[in-house]
Amino acid sequence: MANTQATLEKIVSLCKRRGFVFPAADIYGGINGLYDFGHLGYLMKENIKNSWKKSIQNDLGDIFFLDGTLIGPHAMWEASGHISNFHDPMIDCMNCKKRFRTDDDNINTEKSCPSCGIKAWTNIRDFNLMFQTQLGAVADESAQAYLRPETAQTIFVQFKNIWSTSRTKLPFGVAQIGKAFRNEITPKQFLFRMREFEQMELEWFCKDETSMDMFNFWVQKRQEFYKSIGINMNHIRMYQHPKEKLSHYSKCTFDVEYEFPFGFKELEGIAHRGTFDLTQHTKFSGKDLAVFDQETAKSETPVVVESSVGVERLFLTLLFDAYHEDVMDNETRIVLKLHPKIAPIKAAVLPLVKKISAPAEDLYKELKKQFINIDFDESGSIGKRYRRQDEIGTPICFTIDFQTIEDQTITVRIRDTAAQERIKISQAATYLSKIIS
Ligand code: GAP
């Protein structure tokens, strides 16, 4: 029997075939761990980001946004601990020259190389994952800089400026969506582990005495987010890091894990970071990052609760979760059952035959003004056009046929069930609003 489950190969193929994701510099053979997003991929990423921005709004405190720089100076990364600690254990096979991450690739140095079968290992070395660069022409330490491996640190180093310009009080959050770069030893599983990716991070600043309540609040709220964007919660589990594995500054860390075909893996991390980051930057910069509390008339360094998820990792998760195959009209149909909020195209307008394109084009133009991501397709059989929309996750199709000319009604065709109903053409916008709200 054919395998109708989503596999990595099927997802990679669909992404390229339909214009979601392409290997970077594809005509030069691609680059490991780097990907470009085509039209549909871009639209879907925007939908993910917009849903995330909405999901972090809450009744406890304000949320402010930051768009920080991608490059940071040596001192900043020294303070954050990334220069001394942000590395993975690396080993090379001297025979086939393949490089592995000993922990993640399960390398046993007593055994032979899983690639060539020869046992010829180098020593295990620590490999720092940050991309280093140099600012300007001077080659001393003051010019040394790094592409940020997480967005969080730009929030911490701007904490004082954000605090003094926002007229807010604790607790409050600073959120950022932006690029992060990691020179991963073995990028793999398509968008799961990349070298250039985007993070959506929230740093929640609060008082020490309420910090565990705040932590629990965000653990709960982040799960609600995944439910709200249609992820099957049977595939989600919360993994609590054991005490002995926590960073010395963290009281508690949970990973939101998703069950991929390659096992349960981290989708998002939620961490109680204590006062570590602000204290470190105070020490290294010499600038006091404590805030004055009017109620207690005391200065205090806020505690941070962080939630962090990769845009592309969530993108991949959503594709795996939405991918279905069924049989329709004796043919295998691939359908992405994406939540309408996430679907890149919200509706397609399809004239049954080219002869009646004019009223279809009018409806398309009308809907496009309001919803932007609307498709129009008049070529090929109607069945083939439905299949194409199913495969890119378009929730509904509006079909204009000969009856439309007579009574101003159109067919609405629903993606998940292929069920059809007839509505007035004047009701199309309202119908669509209800579906995507
Ligand atoms: N500021 C905390 C932080 O960066 P992390 O666990 O290293 O923590 C957070 O990363 C999230 O960023 C991960 O849960 C994952 O969703 C995403 N992420 C991390 N490394 C990634 C990579 N190489 N490719 C794609 N996404 C990645």
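This is a predicted model: local features need pLDDT of at least 70, side-chain atom pairs count only at pLDDT 80 or more; totals for chains, interfaces and linings use all residues.
1. Residues are numbered from 1 along each chain as its sequence is written, and side-chain values use heavy atoms, with hydrogens and water left out.

2. Overall make-up: the chain has 13 helices and 24 strands, taken as DSSP runs (H or I, at least four residues, for helices; E, at least two, for strands) and numbered from the N terminus. Its C-alpha atoms fill a box of roughly 75 × 65 × 45 Å along the principal axes. Of the 437 residues, 51% are buried, meaning under 20% relative accessible area with a 1.4 Å probe, protein chains only. The accessible surface (Shrake-Rupley, 1.4 Å probe) is about 21300 Å², and carbon and sulfur atoms account for 50% of that.

3. Now the ligand. It is surrounded by 20 residues, the closest being Glu 150, Arg 182, Glu 201, Glu 266 and Leu 267; a residue counts if one of its heavy atoms lies within 4 Å. By class, the shell has nine charged, seven nonpolar and four polar residues. For the classes, Asp, Glu, Lys and Arg are charged, Ala, Val, Leu, Ile, Met, Phe, Trp, Tyr, Cys and Pro are nonpolar, and the others, Gly among them, are polar. Strands S11 (196-206), S14 (263-274) and S17 (303-310) each supply at least two shell residues.

4. Glu 150 puts a polar side-chain atom 2.6 Å from a ligand nitrogen, and Glu 266 has one 2.6 Å from a ligand oxygen. At Phe 192, a backbone N or O atom lies 3.3 Å from a ligand nitrogen. The protein covers 88% of the 560 Å² of accessible area that the ligand has on its own.

5. Thr 317 sits in helix H9 (residues 311-322) and is buried, at 0% relative accessible area. Beyond neighbours within four places in sequence, Thr 317 is in contact with Ile 231, Tyr 258, Phe 260 and Leu 267.

6. In helix H13 (residues 428-436), Ala 428, Tyr 431, Leu 432 and Ile 436 are buried. They lie on the same side of H13 because they cover an arc of only 120 degrees around the axis, judged by directions from the helix axis to the C-beta atoms. The elements they pack against include helix H10 (357-371) and strand S20 (347-351).

Notes
A polar contact is a pair of N or O atoms within 3.5 Å; within protein, one must be able to donate a hydrogen and the other to accept it, and residues adjacent in sequence count only if both atoms are side-chain atoms. Buried means under 20% relative accessible area, exposed over 50%, partly exposed in between (1.4 Å probe, protein chains only). Contact means heavy atoms within 4.5 Å.
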